[in-house]
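Hi,

Here is the structure I promised to pass on to you.

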Amino acid sequence: MKFKYIKIPIDPLKPWKSLPLIPVRVFGAKKNIYYDIYALLDSGADKSLANLELAKYLNLDLSNQPTEDFSGIDNIPIACKVINLEVQVIGDHSSIIIPVGFIENLPYALILGRDSFFDNYIITFNQSKEEIELKRI
């Protein structure tokens, strides 16, 4: 599966930026609740993160889920409620289950990090063509 990078506004004072966003379907606790979104494919992220609003939309109960500290490039810990989330790349034949940390104020609905998600695909980033290729393992 090949996907073109998508241009989005990051800063209102700068030109739009092309990012490796891929279309995915995320499922709630019940299969009849799902949401189609664009997720940022982030090879620099160890773990996957999602905006807390996504959990609310999917009717996921995070109250009894474990809290785990995630840290970014600045190494400042961020407390996340972690839950296994079912994700399907649009165009793929099946879904996968990956652990996702939910936090408030994430600028993307979902950031797909290397742990778990990248284990299911051979992923090629072609920056010059602004495209991503995913091959299921």
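Below is what I found, starting with how to read it.

This is a predicted model, in which local features need pLDDT of at least 70 and side-chain atom pairs count only at pLDDT 80 or more, while totals for chains, interfaces and linings use all residues. Residues are numbered from 1 along each chain as its sequence is written, and side-chain values use heavy atoms, with hydrogens and water left out.

Let's begin with the strands. Helices (H or I, at least four residues) and strands (E, at least two) are DSSP runs, numbered from the N terminus. Two strands count as paired if DSSP finds at least two bridges between them. In general, strands of a sheet pair through backbone hydrogen bonds, either parallel or antiparallel.

Now find strand β6 (residues 48-51). Ser-48 and Ala-50 point one way from it, Leu-49 and Asn-51 point the other way, and all are buried. Buried means under 20% relative accessible area, exposed means over 50%, and partly exposed is in between (1.4 Å probe, protein chains only). β6 pairs with β9 (residues 96-103) in the parallel sense over 4 bridges, and Ser-48 stands opposite Val-100 there. β6 also runs antiparallel to β10 (residues 110-112), joined by 2 bridges; in β10, Leu-49 has Ile-111 as its bridge partner.

Which residues touch the most other members of the largest nonpolar core? They are Ile-22, Val-24, Phe-102, Phe-117 and Leu-134, out of 30 residues in that core. A nonpolar core is a set of buried Ala, Val, Leu, Ile, Met, Phe, Trp, Tyr and Cys residues joined through side-chain atoms within 4.5 Å. Elements giving two or more residues to this core include β4 (21-27), β5 (34-41), α1 and β8 (77-89). Leaving aside neighbours within four places in sequence, Phe-117 is in contact (heavy atoms within 4.5 Å) with residues including Ile-22, Leu-41, Val-89 and Leu-134. There is also a second, separate core of 11 residues, with Leu-21, Leu-40, Leu-49 and Val-82 among them.

Phe-70 and Leu-49 are 21 residues apart in sequence, and their C-alpha atoms are 9.1 Å apart in space. Not counting residues up to four places away in sequence, Phe-70 touches Leu-49, Val-82 and Gly-101, among others.

Last, two loop residues. Asn-59 has a positive phi of about 60° although it is not a glycine. Its place is in the loop between α1 (52-57) and β7 (67-71), and at 57% relative accessibility Asn-59 counts as exposed. Glu-130, also not a glycine, has a positive phi of about 50°. Glu-130 is in the loop between β11 (121-126) and β12 (131-136), and counts as partly exposed at 31% relative accessibility.

Cheers
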